[in-house]
Each structure stands twice: as C-alpha cells, then as structure tokens.
Amino acid sequence: MRYVKLLLIALALTATTALGQTKHNNFEISKSIDIYNNVLRQLNMYYVDEINPAELNESAINAMLDGLDPYTVFIPESQIEDVKLMTTGEYGGIGAIIQFFEGKSQIAEPYEGFPAAKAGLIPGDIFLEVNGIDVEGKNTSEVSELLKGSPGTTVRLKMQRPGEKEPFVKELKREKIKIDNIPYYTVFDNGIGYAILSQFTKDCAKELKNIVVEMKKNHELKGFILDLRGNGGGLLNEAVDIVNMFVPKNKLVVYQKGKVKDNNYNHYTQHEPLDLDIPLVILVNEGSASASEIVSGSIQDFDRGVIIGQRTFGKGLVQNIFPMNYNTQIKVTVAHYYLPSNRCIQEIDYSKKNKKTVDTLAKNDTLGKAFHTANGRVVYEGHGIQPDVKVEPTMVSTISTYLYAKNMFFKYANKFYREHKSIKPADEFKITDDIYSDFMQFVKDEGFTFTSQSETEIKELEHIAKMEGYLDDIQPILNQVVAKIEEEKANDIVNNRKEIEELLRIEIASRYYFQKGKIIASFDDDPELAKAFEVILNREEYDNILKGTN
C-alpha cells in the first residue's frame with residue numbers, strides 16, 4: 001500500500017513538472033513572438049531602405065528551423081506544387097528535368113509522352129524566355145516555378161538549341177505530369193523478375209503488386225528483385241503495403257514514437273500476402289533512405305529476403321505536413337521509427353550535433369546496439385541498413401569523374417542525337433571505334449582539361465617544401481613527376497575506355513529511349529544485379545544467408 005502511495009506521489013510530481021514545463025514554454029513562446037513582432041515593426045519604420053517583410057519573415061523562419069533537423073522545413077505558398085509532387089508524384093507542367101550549367105538553365109531530360117517531348121524539346125535546349133519573362137541566368141528553381149501551372153494552361157517558351165544560330169519559340173499546353181513510380185520492370189531470360197521503384201508516392205504499392213501478379217501469371221518466376229537504389233523514400237503507408245506483399249497479415253512492420261502520444265503508432269500488415277515463398281532480393285545503396293529503409297529493413301528483420309548492395313542512408317525519422325494560414329505549410333519531424341527487431345536506423349542524432357558538425361560528419365561503420373532478426377541473425381541499430389551481401393561500389397576513374405562533371409557525356413550525346421536519327425535498341429547499342437574516336441575528338445575540341453589528385457598533392461607539397469626551404473633542391477624531381485603525370489593523363493581517355501564508353505552508351509541511349517533506355521543500357525555492367533542473380537539462382541546460398549549460416 002505504501003508503494004502505491006509513493007507511486008501516486010511520483011506520478012503527481014511528474015504531472016506537475018510537465019504542466020509547469022508546458023506553462024513555461026507557452027510563456028517563452030508568447031515572449032518570443034512579442035519580441036519578433038517588435039523587431040519587424042522597428043525595421044519597417046526606421047530601416048534606411050525599404051524592406052520586404054515577407055522575405056524577412058521567411059528568412060527568420062528558415063533560420064529558426066535550421067537549428068533542428070534538415071527535414072523540418074517551412075513550405076511557402078509558392079512551393080505547394082512541390083509538396084504535391086512529393087506525395088503524389090504529380091504536378092502541372094511541361095514534363096522535363098532541367099539543369100543549371102555554365103550559367104544557363106536547360107533541358108536535362110524530357111519525360112516520354114509529355115508536353116516537352118511531344119513539342120520536340122531535347123536535352124541541351126536552353127531557356128531564354130518563359131511567357132515573355134527573361135530567364136537567362138536564372139537558376140533551375142526560378143525557371144521551374146515559371147514552368148509549373150494548372151493543367152490546360154499554355155506556356156510560351158523561347159529556346160536556344162546548341163549548334164543552331166537562331167532561337168526558336170514553342171507553345172506548350174501544360175498537363176498533369178505523373179512521374180512513374182516504377183519506370184521499368186521486366187522478367188529476365190533467367191526467369192527472374194525485376195522492378196525498379198523510384199519513389200514511394202500514392203498507389204506505388206498497388207502498381208508494384210499488379211506488376212508482380214502479371215509476372216507470376218505469364219512466367220514461372222525463379223525469384224524477384226526490387227531495386228531501391230537511389231530511392232529517397234516517401235509515404236510510409238506505401239512502404240508497409242509493399243512489405244505486406246511478401247509478409248503475412250497482422251505483422252508489425254514499423255512503429256513510430258514521438259513526443260506527442262498521437263504520433264505513437266504501430267503499422268501492421270493488413271492484407272493477405274501475395275507470395276511468401278518466392279526468393280526475394282532488394283538492392284540498396286547509400287541513396288536508399290526513409291521508406292526504402294523501412295522496406296529493406298523489415299524484410300531483413302523478417303528474414304524474408306536478402307538485401308544486397310551498400311549501407312543505406314540512415315534516416316529513421318517520420319515527418320508530418322501541417323497546413324497553416326495563408327496557404328503555407330510546415331513539414332515537421334514528429335517521431336522516430338523502429339523496425340520489427342526494435343532497432344532504429346537513424347544515422348545522426350540532430351539533437352546533439354550542430355549544423356556544422358552534421359554537414360561535415362563522415363559516415364562510420366561503428367556498430368551500434370545489437371538486435372536480432374526472426375531467425376536470430378544479428379543486426380545493428382543506427383547507421384542505416386547494413387546489407388546481407390555487401391557489394392563494393394564501383395570506383396570511377398578521375399577522368400570519368402571530370403568528364404561527367406564538365407558535362408562532356410551530356411553534350412556529346414546531344415550532338416550524337418542531332419546527327420543520328422536512330423540507334424539499335426538500348427540493350428543492343430554499342431559504342432563502336434568510330435563513335436569513340438569521334439567522342440575523343442569532341443572532348444579535345446571542347447578544350448577539356450582536368451587536374452588529377454596527384455597534381456593537386458604535388459602543388460601542396462611544393463607549398464610546404466617552399467615554407468620549409470626544400471623546394472629548390474627537390475623542384476627538378478617534382479618537375480619530372482609532373483611531366484610524367486601529364487604524359488599519362490593524355491592517355492587516360494584511351495586507358496579508361498571501357499568505363500568511359502559504358503557511361504557514354506547509357507547517356508546516348510537515354511536520348512532515344514528516355515529513362516527506360518538509360519536503365520536498360522546500365523544492366524550490362526551492374527555488379528549488384530549480377531550478385532542478385534547469383535544469390536537467387538543458388539537456393540542453398542540464398543537459404544544460408546537468411547539462416548545466418550553463410
């Protein structure tokens with residue numbers, strides 16, 4: 001009885017403390033708002049130049065949120081279309097990815113079947129005017145905002161195509177643009193089904209289920225590969241429904257815990273599964289985040305499939321979007337989420353790190369607290385999802401990195417497209433000797449140069465040696481090394497041909513076959529996909545991985 005009284009007293013003290021804290025916070029909020037209002041009023045009355053209150057207000061809000069995590073953000077009215085795109089994959093516009101390069105916004109990739117592609121716009125076309133507004137020098141966000149609008153409305157574009165002297169004008173009717181959740185799927189000749197999921201927006205689980213049902217109906221599937229590489233996440237409920245395709249009904253897939261009780265929620269599978277036995281592989285990399293980690297982590301915890309690739313991003317946070325006045329919104333991190341093994345895979349504790357530390361934080365492989373899968377395999381908290389089969393990422397040569405960074409692949413593919421009406425199907429198209437020779441000449445004509453890491457280090461060594469008084473003695477040796485590096489650099493484009501032509505082939509294929517062509521062309525040199533084939537076709541290896549006896 002005494003224990004009960006002590007417990008009641010403790011609870012009462014806790015409640016009183018919590019109530020006192022709430023009152024204190026409310027007072028601090030009222031005080032802060034009052035100070036803020038006075039600051040804005042004084043600036044408006046006395047600042048030497050005219051101020052823009054709306055811009056100052058947005059800057060103040062963003063500065064306040066900047067001290068939290070990067071996913072808690074203010075959404076002004078002008079960005080409501082972006083929210084719609086995040087949750088539904090839909091927006092009103094012309095249907096094209098645009099990029100900013102060399103001070104110009106240009107078409108990077110038109111979506112197949114949408115206004116930009118139907119109007120004949122191609123990668124490399126530069127925006128000069130949008131509805132009479134000069135956009136030369138404006139960045140992609142500014143141009144994108146002008147391009148978006150209600151479906152059915154008209155947008156007038158003045159464009160410049162490289163290689164042509166005169167600009168041209170196109171009038172496009174905006175459409176509802178629906179970005180494909182699943183840009184490509186197929187059943188390979190070895191009987192393994194494959195689908196790449198690019199985002200978790202509305203109905204993606206339903207779409208994926210229909211695809212797998214179709215595959216099972218028309219083929220004798222030996223396995224299924226779900227490609228989540230580069231998928232940054234989206235709607236949590238869609239992730240749960242995708243797990244449900246391969247996991248029984250009434251299984252806890254993920255649960256979330258936050259400060260507010262209403263944000264504590266358990267997410268269970270609600271339907272009968274599609275298939276409990278088909279060998280399943282999920283491909284992930286460091287770009288796989290959030291909902292992608294819920295799917296891959298839950299499948300791993302249930303020992304339902306094998307995860308292949310690299311360690312994932314490590315985002316174990318849940319956001320809700322709250323509507324506010326004047327058609328603005330705020331996206332707030334409301335909870336952490338936890339997988340069936342009870343682990344949270346959040347990489348960074350934003351409450352204990354300032355922004356500078358977070359920005360410079362390098363991922364490490366230090367193991368967190370250990371948890372266990374259904375079969376007793378050890379998995380770890382924090383640091384994302386560790387794959388069951390790790391495939392080291394392909395290291396790209398320095399010259400390939402610079403060719404990509406300086407848009408050489410992009411520019412040459414545009415030139416190639418203008419000069420060739422058609423190519424073979426994406427899975428058959430190859431870079432011939434003539435094409436590669438033409439590319440090398442193009443790169444030379446563009447004046448392409450790059451600085452190797454070795455040259456950068458030698459410059460640093462020269463600087464240190466000069467300070468220490470050694471430079472005069474070692475300069476002749478350094479000059480010989482630099483000359484040898486220059487000699488080797490001249491041969492880099494030949495010595496790294498296999499790697500370079502693979503990147504070039506993918507870029508050229510996308511000009512003729514859009515995003516599907518890019519995906520298909522990339523299959524020839526895909527170590528994660530090759531490993532997935534190997535694991536699925538070797539049932540003993542597949543089973544041993546899931547049992548933890550591999």
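User: How are helix 13 and helix 14 oriented to each other?

Analyst: Two packed helices are described by the angle between their axes and the distance between the axes. An axis is a line fitted to C-alpha atoms, for helices over the stretch in contact, and angles run from 0 to 180 degrees between N-to-C directions. Angles under 35 degrees count as roughly parallel, over 145 as roughly antiparallel, 65 to 115 as roughly perpendicular and the rest as oblique. In this predicted model, the axes of helix 13 (residues 453–468) and helix 14 (residues 471–495) cross at roughly 170° and come within 11 Å. The two helices are therefore roughly antiparallel to each other. Helices (H or I, at least four residues) and strands (E, at least two) are DSSP runs, numbered from the N terminus.

User: Which residues in helix 13 and helix 14 meet?

Analyst: Contact means heavy atoms within 4.5 Å. Helix 13 contributes Ser454, Glu455, Ile458, Leu461, Glu462, Ala465 and Lys466, while helix 14 contributes Leu471, Ile474, Gln475, Leu478, Val481, Val482, Ile485, Glu486 and Lys489. By class, this contact holds nine nonpolar, two polar and five charged residues. Here Ala, Val, Leu, Ile, Met, Phe, Trp, Tyr, Cys and Pro count as nonpolar, Asp, Glu, Lys and Arg as charged, and the others, Gly among them, as polar.

User: Is Ile485 buried or exposed?

Analyst: Buried means under 20% relative accessible area, exposed over 50%, and partly exposed in between (1.4 Å probe, protein chains only). Ile485 counts as buried because its relative accessibility is 16%. Ile485 lies in helix 14 and, leaving aside neighbours within four places in sequence, is in contact with Ser452, Ser454, Glu455 and Ile458.

User: How do the axes of helix 16 and helix 17 cross?

Analyst: Helix 16 (residues 527–537) and helix 17 (residues 539–547) have axes that come within 4 Å and cross at roughly 95°. These helices are therefore roughly perpendicular to each other. Their contact is made by Lys531, Glu534, Val535, Ile536 and Leu537 of helix 16 with Arg539, Glu541, Tyr542 and Ile545 of helix 17. Five of these residues are nonpolar, none polar and four charged.

User: What does Glu541 touch?

Analyst: Glu541, in helix 17, touches Lys531, Glu534, Val535 and Asn550, not counting residues up to four places away in sequence. Glu541 is buried, with a relative accessible area of 15%.

User: Which residues lie closest to the centre of the second largest pocket?

Analyst: On a 1 Å grid over the protein atoms alone, a pocket is an open set of points where a 1.4 Å probe fits, with protein on both sides within 12 Å along at least five of seven lines; lining residues have an atom within 4 Å of a point. Grid points are joined across faces, edges and corners, and a volume is the space filled by probe spheres set on the points. The second largest pocket holds about 1,000 Å³ of space. Of its 34 lining residues, Met64, Leu65, Leu68, Thr72 and Ile330 are the closest to the centre. Helix 1 (2–46), helix 2 (53–65) and strand 18 (329–338) are the elements that give two or more residues to this lining, and strand 18 supplies the largest share, six residues. The lining divides into 19 nonpolar, twelve polar and three charged residues.

User: How many helices and strands does the chain have?

Analyst: The chain has 17 helices and 21 strands, and 43% of its 550 residues count as buried.

User: Which conventions apply to the numbering and the values?

Analyst: Residues are numbered from 1 along each chain as its sequence is written, and side-chain values use heavy atoms, with hydrogens and water left out. As this is a predicted model, local features need pLDDT of at least 70 and side-chain atom pairs count only at pLDDT 80 or more, whereas totals for chains, interfaces and linings use all residues.
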